[in-house]
Amino acid sequence: MAGYVLEVIESYEEMSVRAADAVQETVERRPDAAITVPTGQTPLGMYEDLVRRVEAGTIDLSQVRIFCLDDYLGQSRHDEASLTRWLYEAFLIPAGIPESHIHRIPAAAPDPHAAALAYEREIAALGGLELAVIGLGQNGHVAFNEPGSAPDSRTRVVELTGESREQSSAYWEGEAGIPPYAITMGLGTIQEARQIVLIVSGEAKAGIVHQALEEEPKLEVPASWLQTVGERLHVILDREATSELTPR
Ligand code: PGA
């Protein structure tokens with residue numbers, strides 16, 4: 001299955017600039033667009049570039065609505081292992097996004113299942129996601145949609161795999177501190193975005209990039225369902241992440 005747009009960029013830095021360009025194109029077209037953005041190592045360069053653009057006055061993010069993609073269950077905005085906190089520090093605060101335009105995923109809600117449904121309604125109330133910028137986990141996860149996630153899944157509570165907890169432990173000083181559950185936007189929710197930008201960097205992801213983009217979609221590789229959205233999917237890879245792709 002193909003039909004998605006693939007862009008191969010030489011370096012991580014240039015890949016980050018291209019991802020920031022995708023955000024800019026979206027907000028120029030629709031200043032109050034609802035956008036979801038990821039956490040992790042991969043998007044850091046994109047955030048730095050977007051913040052530079054805000055400071056230079058070349059991008060206006062004052063009306064954009066930001067939806068958090070995922071977080072560990074039970075973590076509130078100021079907690080140590082909160083991905084929402086991470087996003088505030090890496091992007092939302094330095095970019096000056098107004099608090100009223102930030103939609104935090106309800107990781108610490110007393111009833112997270114009901115709150116997850118309400119989060120879906122918040123997205124729908126703004127006309128759906130205009131853009132979803134996402135990364136790719138070593139195990140093929142997208143947000144915290146772990147292997148086995150249904151392609152039409154919605155925002156919900158999930159149990160994290162050992163692999164994801166291990167990947168996360170690199171950022172939070174040991175796996176012991178990583179909560180066992182998370183709340184994540186669903187694969188179905190993400191795939192309904194009018195544009196999806198998948199950014200992946202580095203040799204270590206080359207194998208999973210191949211499985212996600214060149215093999216038949218399957219439950220074991222959640223990212224592989226992204227192929228089914230066709231040209232709404234824009235894949236931006238740095239050269240190292242492409243080493244296991246079939247030369248086009
Ligand atoms: P990373 O995480 O950018 O830190 O590699 C990506 C992901 O797990 O989605």
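**Strands and helices**

A: Strand E2 (residues 34–37) and E6 pair in the parallel sense over two bridges; two strands pair if DSSP finds at least two bridges between them. Helices (H or I, at least four residues) and strands (E, at least two) are DSSP runs, numbered from the N terminus. This is a predicted model, in which local features need pLDDT of at least 70, side-chain atom pairs count only at pLDDT 80 or more, and totals for chains, interfaces and linings use all residues. Residues are numbered from 1 along each chain as its sequence is written, and side-chain values use heavy atoms, with hydrogens and water left out.

Q: Which residue in E6 is the bridge partner of Thr36?
A: The partner of Thr36 is Ala132. Ala132 also stands opposite Ile196 in E9; E6 and strand E9 (residues 195–200) run parallel and are joined by four bridges.

Q: Are the residues on the faces of E6 buried or exposed?
A: Leu131 and Val133 on one side of E6 (residues 131–134) and Ala132 and Ile134 on the other are all buried, meaning under 20% relative accessible area with a 1.4 Å probe, protein chains only.

Q: Moving to helices, at what angle do H1 and H2 cross?
A: The axes of H1 (residues 12–29) and H2 (residues 44–56) cross at roughly 55 degrees and come within 8 Å. Axes are lines fitted to C-alpha atoms, for helices over the stretch in contact, and angles run from 0 to 180 degrees between N-to-C directions.

How values were computed: Buried < 20%, exposed > 50% of the residue type's maximum accessible area, 1.4 Å probe, protein only.
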